[in-house]
Amino acid sequence: MSSLRLRQLREEDADDVARLFVEGWGESRQMNGDEIRQWFNSEALRPEDLLVLVDPRDRVVAYFDVWREGESVDIDVAAPGFWDEALDQAENQARALGAKRVRTFFLDGHELTGRISERGYSNIRSSWTMEIEFGVEAPAEPVLPDGIEIRTYRHPEDEEAVYETVQEAFADNWNFHPESIESWREFRVKWRNFDPDLWLVAWDAEQVAGASLNYPGRTDDPGYGFVGTLAVRDPWRRRGVGEALLRRTFALLHACGLRKVRLSVDAENTTGATRLYERVGMSVLRQSNTWERNL
């Protein structure tokens with residue numbers, strides 16, 4: 001019988017959990033204790049869904065969380081040396097929530113791949129982290145499509161319009177789940193590295209055509225910026241709005257001293273996003289896969 005004990009995450013566990021993410025996932029999941037401590041201030045996260053396994057001396061050896069979406073539960077896990085123990089507990093939590101299936105995601109080629117396959121998971125989708133790197137010379141400013149103006153996001157005046165734009169733009173994407181503005185706010189606006197000066201909004205007269213929601217990749221690693229969301233509403237697609245937002249984003253982040261820009265994208269995206277990113281000079285840095293099993 002395992003000597004490990006399951007309990008809720010505590011704020012004093014933050015540095016240990018950050019270490020587990022770095023040890024388990026390397027550069028692809030860099031975290032620090034401050035990021036994890038922020039979870040305790042989020043109204044969107046339930047304490048009972050953030051869990052750790054501890055040894056008899058109450059030392060944290062594994063972390064996982066569960067997030068329910070309809071009949072599925074998404075599992076995020078950091079448990080080097082205790083992957084199976086953590087997955088056993090996470091799947092039990094999913095069953096207790098009434099889930100019919102569970103999903104988890106991790107880096108392509110990771111040591112967990114064989115183990116997760118043996119547990120009955122199937123690889124159902126892939127995503128790419130793409131990157132572009134600049135030198136000292138600033139990237140060129142974009143040529144704006146006729147009638148389009150790109151402005152800096154105004155908070156809170158633009159919040160509802162940008163939220164609605166993102167929801168509309170991603171409504172047809174794989175695995176999209178409608179999100180309340182309260183939840184959206186928790187994970188975008190209230191996040192600790194949110195800077196309204198790094199968000200860009202494309203306007204066509206008084207209508208929002210699209211938005212680029214950008215962040216410094218990490219507050220303690222100033223080398224790159226991250227495009228958290230690039231959204232263009234359907235009536236403005238294939239008119240160059242997405243490319244204009246992206247190129248303006250590159251210039252903006254470069255002016256902030258960031259020489260690399262990254263973003264994540266569904267590898268099977270049907271809107272042409274991957275072609276756009278390649279056209280502006282981005283390339284695939286790494287691939288992550290989503291795995292699913294029925295309970």
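Let me start with Glu 131. Glu 131 is buried, at a relative accessible area of 14%. Keep in mind that this is a predicted model.

Why does 14% count as buried? Because buried means under 20% relative accessible area, and Glu 131 has 14%.

So what does Glu 131 pair with? Glu 131 makes a salt bridge with Arg 262. The closest N and O atoms are 2.7 Å apart. Now place the two partners. Glu 131 sits in strand β6, residues 122-133, and Arg 262 sits in strand β11, so the bridge ties together parts that are 131 residues apart in sequence. Is Arg 262 buried or exposed? Arg 262 is buried, with a relative accessible area of 7%.

Stay on strand β11 for a moment. The strand runs over residues 260-266, and Val 265 is found there. Val 265 is buried too, at 6% relative accessible area. Which residues does Val 265 touch, leaving aside neighbours within four places in sequence? The contacts are Ser 127, Trp 128, Met 130, Ala 273, Thr 274 and Tyr 277. For a sense of distance, take Ala 90. Ala 90 is 175 residues from Val 265 along the chain. Their C-alpha atoms are separated by 26 Å.

Next, salt bridges in general. How many are there in the whole structure? The search finds 35. I will show you a few more.

One joins the side chains of Asp 13 and Arg 7. The N to O distance there is 2.8 Å. Asp 13 is buried, and Arg 7 is buried as well.

Another joins the side chains of Arg 286 and Glu 27, at 2.7 Å, N to O. Look at where these two sit. Arg 286 is in strand β12, residues 283-294, while Glu 27 is in the loop between α1 (14-25) and α2 (33-38), so this pair ties together parts that are 259 residues apart in sequence. How accessible are the partners? Arg 286 has 17% relative accessibility and counts as buried. Glu 27 has 41% and counts as partly exposed.

To recap, in the predicted model, Glu 131 and Arg 262 tie strand β6 to strand β11. Arg 286 and Glu 27 tie strand β12 to the loop between α1 and α2. That is my tour.

Terms used. Residues are numbered from 1 along each chain as its sequence is written. This is a predicted model: local features need pLDDT of at least 70, side-chain atom pairs count only at pLDDT 80 or more; totals for chains, interfaces and linings use all residues. Side-chain values use heavy atoms; hydrogens and water are left out. Helices (H or I, at least four residues) and strands (E, at least two) are DSSP runs, numbered from the N terminus. Buried means under 20% relative accessible area, exposed over 50%, partly exposed in between (1.4 Å probe, protein chains only). Contact means heavy atoms within 4.5 Å. A salt bridge is a side-chain nitrogen of Lys or Arg within 4 Å of a carboxyl oxygen of Asp or Glu.
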